[in-house]
Protein chains: 2
Amino acid sequence: MTTSPLTFEITAEDGEARAGIITTRRGAIETPVFMPVGTAGTVKGVRFEQLESPDLDAQIILGNTYHLWLRPGIDVIKACGGLHKFIGWKRALLTDSGGFQVWSLGELRKISEEGTEFRSHVDGALCFLSPEISMEIQAALGAEIVMAFDECAPGEASYEEARRSMELTLRWAKRSKEAFCNLQAGRPRMPDETSALPARQALFGIIQGASHLDLRRESLERTVEVGFEGYALGGLSVGEEKPVMFDVIGAMAPRMPVERPRYLMGVGTPEDLIDAVARGMDMFDCVLPTRNGRNGQAFTSRGKVNIKNARYAQDQQPLDESCRCSVCRRHSRAFLRHLFLSGEMLASILLTHHNLAFFLDTMRSVRQAIRSRQFTKFRRDHTERLGSGRE
Amino acid sequence: MTTSPLTFEITAEDGEARAGIITTRRGAIETPVFMPVGTAGTVKGVRFEQLESPDLDAQIILGNTYHLWLRPGIDVIKACGGLHKFIGWKRALLTDSGGFQVWSLGELRKISEEGTEFRSHVDGALCFLSPEISMEIQAALGAEIVMAFDECAPGEASYEEARRSMELTLRWAKRSKEAFCNLQAGRPRMPDETSALPARQALFGIIQGASHLDLRRESLERTVEVGFEGYALGGLSVGEEKPVMFDVIGAMAPRMPVERPRYLMGVGTPEDLIDAVARGMDMFDCVLPTRNGRNGQAFTSRGKVNIKNARYAQDQQPLDESCRCSVCRRHSRAFLRHLFLSGEMLASILLTHHNLAFFLDTMRSVRQAIRSRQFTKFRRDHTERLGSGRE
C-alpha cells in the first residue's frame with residue numbers, strides 16, 4: 001500500500017474517538033471530517049469561494065455518480081478534463097457509486113445480478129448501472145476517493161432480505177475492485193501533466209447488512225478480505241430507529257480496520273456525528289445542513305431554529321450567538337425570516353452557509369477535543385447546550 | 001442647499017456626458033452609476049459581501065417601498081432600526097416610492113386624486129398608497145435618497161392620458177415634498193447615535209409625460225419649480241420603442257438642472273446606459289442583470305450569451321474572456337450551462353454575479369473614459385465589440 005494515492009495516519013485518540021489525517025494528491029484532510037454534499041457538481045447555493053473560505057474551509061466535497069452520469073453526462077465531463085476541472089474545484093472529491101441513489105428510486109428500478117436497471121429522473125430514459133459501469137464513470141470523474149457499487153437494504157429489512165442484499169453487495173464489491181484495478185493500471189500516482197491518464201484514485205468498500213449485527217459482521221469481514229483503502233458503513237439512516245443505527249455503529253466501528261478511514265455514509269445531525277465519532281468513525285456526509293437550510297431550518301449550538309417561526313419576526317439576534325460565520329456576524333433572524341417568507345434565494349444561500357459553517361466548525365471542535373483528550377467533556381457540554389435552546 | 005445631506009459635484013465632462021461624485025452620509029458615489037435593484041431588501045441571489053467586493057463594489061443599491069411595506073412591513077423594519085440595519089448594509093440606499101410598482105399591477109389598482117388603492121400581491125389585502133404614506137414609509141426605511149410618489153403613464157399613452165397623468169404626478173410631487181419636509185424636520189444632518197431621529201434624507205422628483213416631448217418639458221419645468229435634490233426621468237422603458245425613449249432622453253437630459261443628479265429610472269442594457277450617459281444622464285437602475293441572470297442570459301463584451309444554448313455544452317471558455325470577475329476566472333460556460341439545465345440555484349447566483357460585474361465594470365470604464373475625454377471613442381469601440389459576438 002506504499003504506492004497508494006491515499007494515506008491515513010491517526011494522530012490522537014481519546015477513548016474510541018480518533019483524530020487523524022487523510023493525505024490525498026489534493027492535500028490533507030483532517031479527520032473526523034464532514035463532507036458537504038455536492039450532488040450535481042455544486043453544493044446547492046454555495047459558491048466554491050465560500051467552501052474554501054475560513055468560515056467553511058471544506059477540505060473535501062462529494063459528487064454523485066448517478067446524477068452526473070445522467071446530466072451533464074460523462075462525455076461532457078471528460079471533454080472538460082474531469083470533475084475537478086469541470087466544476088472548478090481544486091481540493092479533494094469523493095464520488096458516491098450511484099448504488100444508493102438508484103436504490104432510492106424505489107419502484108423505478110429493477111435489481112439483477114448484473115446490475116440495476118432504472119428510469120432516469122431527468123428524461124425517463126431506461127438506464128443500466130453495474131459495478132463495472134459505475135467504476136468506469138467514477139474513473140472518468142477522477143475523484144480522489146471512489147466508492148464500490150453496492151445495494152442498500154432498507155433499515156427494517158428482514159434477515160433474509162438483508163442477507164440476499166449483503167451477498168449481492170459483496171459480489172459487486174469484488175467486481176468493483178477488479179474493474180477499478182483495471183481502470184487504474186498505468187495511471188500516475190500524482191497528477192502529471194505529461195501523462196495522458198489522470199492520477200490514481202482510492203477505492204472504498206461498503207459494509208451492508210441492515211440492522212442485523214451478525215450480517216454486518218460477516219459483511220465487514222468479507223469486505224475486508226476483498227481489500228479496500230477505506231471502509232464505509234452503508235444502509236444506515238434509511239428508516240431504522242436511531243438507537244438501532246447506533247447499535248450497528250457501536251458494534252461495527254471497533255471491528256473496522258484501525259489503519260483505514262471509517263466512513264459513515266449519509267448521517268446525520270451534529271449530535272449524530274459526535275456520537276459516531278465517540279464510537280470510532282472518521283468520515284461523514286449528509287444533506288441535512290444544505291437541505292434543511294433550504295427549508296428554513298438552522299442548526300445552532302442551542303438546537304434547531306425554524307426561521308419561519310413568528311417569534312423571530314423582530315428578532316435582531318443572529319441565528320447563533322456563539323457562531324462566528326459571516327451570516328451570524330451580519331444578519332439577524334428577523335432579516336433571514338423575511339427573506340425566507342419572501343421566497344428569496346438569499347434565504348437558502350445564507351441558511352445553508354450558516355449550517356455548513358456550524359457542521360464544519362463542530363468537527364473542528366471535535367478534532368481539537370480529541371487532540372487535547374477532552375472529547376468526553378466536549379460531548380457532554382455540547383449536549384447540555386443543545387438542550388438549552390428555546391424551540 | 002448647504003445643509004443638504006446630499007451633494008453633487010461634476011468632476012469631468014466630455015460632450016454631454018459627465019462624470020461626478022454624489023456625496024451622501026454613507027460615502028461617495030461616483031457617477032455615472034449603475035444601482036443594482038434590491039427589491040425586497042436583497043439583490044436576488046447576491047450576498048452583501050459580494051456587492052462590497054472589488055468585483056462589484058456597488059456604492060448604492062435600491063430598495064422598493066411597495067415590496068418592503070407589504071412584507072415584512074414597516075413595523076418590523078422600524079423595530080430593527082431602519083432598512084440599513086435590517087438588511088445589514090452600511091452603504092447608500094435609494095428607495096423607489098412605490099408609484100411604479102403599484103402602477104404595474106394593472107387591473108389590480110384604482111388611481112384617485114388621493115392616491116392608489118390596490119390589492120397586495122402577497123395576501124390579496126386591500127391597500128392604499130398616497131404621497132404622504134409613501135413618504136412616511138420611506139422616512140422609516142431611512143434610505144439616503146427617496147423618490148417622490150408618482151403615476152406612470154404607459155409608453156404609448158395618448159396625449160390626453162399622458163397630460164392627465166403628468167398633472168396628477170405634479171400635484172403628488174408637491175404633496176410628496178411637503179410630507180417629506182415635515183418628516184425630515186429635526187433630523188440630524190449626519191447619523192447621530194444621540195438623536196432619537198434618523199439622519200436626513202434627500203428627495204428626488206420624477207418627470208413624466210410619456211412620449212410627448214412638450215408634456216415632458218412642462219413636467220420638467222414644473223417639477224423643478226417644486227424643487228428637489230435630484231431629478232429622475234420616469235415612465236421610460238414601459239412599452240415605447242427604443243428610438244422614442246432616446247428621443248425623450250435626448251430632449252430632456254440637457255434641460256435638466258446641471259447641478260443636480262439626473263436619474264434614468266428602470267433602464268436598461270449596458271448599451272442603453274452608455275447611450276443615455278452620452279445624452280447627459282448620471283444614475284441608472286435596472287433589473288436586467290439580475291432577472292436575465294436568473295433566466296440564463298449573460299451580458300458580455302461580445303453580446304448576450306444564452307447559456308441554455310447547446311453550443312456551450314462542452315465550451316470550456318468563461319462567459320466573457322475579457323471579464324475578470326470571480327465567475328469568469330473560475331467557471332466555464334459548460335459548467336454554467338449544466339447548472340442552469342439542472343435547475344441549480346448556483347446558476348442564478350453565478351450568472352447574476354457576472355452580469356452585475358459586467359454592468360458595474362462598464363460604468364467604471366464609462367467614468368474613466370469621460371475623465372480622459374475618450375468617451376466617444378470608448379462608445380464606438382464598445383458598440384463594435386458587441387457586434388462581434390457569435391450569437
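Where in chain A is A:Pro32 found?

Modeller: This is a predicted model. A:Pro32 is found in the loop between strand S3 (27-31) and strand S4 (33-35) of chain A. Most peptide bonds are trans, and most residues other than glycine have a negative phi.

Chain B has a cis bond to look at as well. The bond from B:Arg71 to B:Pro72 is cis, with omega near 10°. B:Pro72 sits in the loop between helix H2 (65-70) and helix H3 (74-79) of chain B.

Now the phi angles. B:Asp57 has a phi near 50°, positive although the residue is not glycine. The loop between helix H1 (48-52) and strand S5 (60-64) of chain B holds B:Asp57. B:Asp57 is partly exposed, at 29% relative accessible area. B:Ser237 also has a positive phi, near 60°. B:Ser237 lies between strand S12 (230-233) and helix H9 (242-252) of chain B, in the loop. B:Ser237 is partly exposed, at 44% relative accessible area.

The largest nonpolar core has 195 residues. B:Leu51 is among those with the most contacts inside that core, with A:Leu51, A:Phe375 and B:Phe375. In soluble globular proteins, nonpolar side chains tend to be buried together.

Key:
Residues are numbered from 1 along each chain as its sequence is written. Chains are lettered from A and ligands numbered from 1 in the order in which they are written. This is a predicted model: local features need pLDDT of at least 70, side-chain atom pairs count only at pLDDT 80 or more; totals for chains, interfaces and linings use all residues. Side-chain values use heavy atoms; hydrogens and water are left out. A nonpolar core is a set of buried Ala, Val, Leu, Ile, Met, Phe, Trp, Tyr and Cys residues joined through side-chain atoms within 4.5 Å. Buried means under 20% relative accessible area, exposed over 50%, partly exposed in between (1.4 Å probe, protein chains only). Helices (H or I, at least four residues) and strands (E, at least two) are DSSP runs, numbered from the N terminus.
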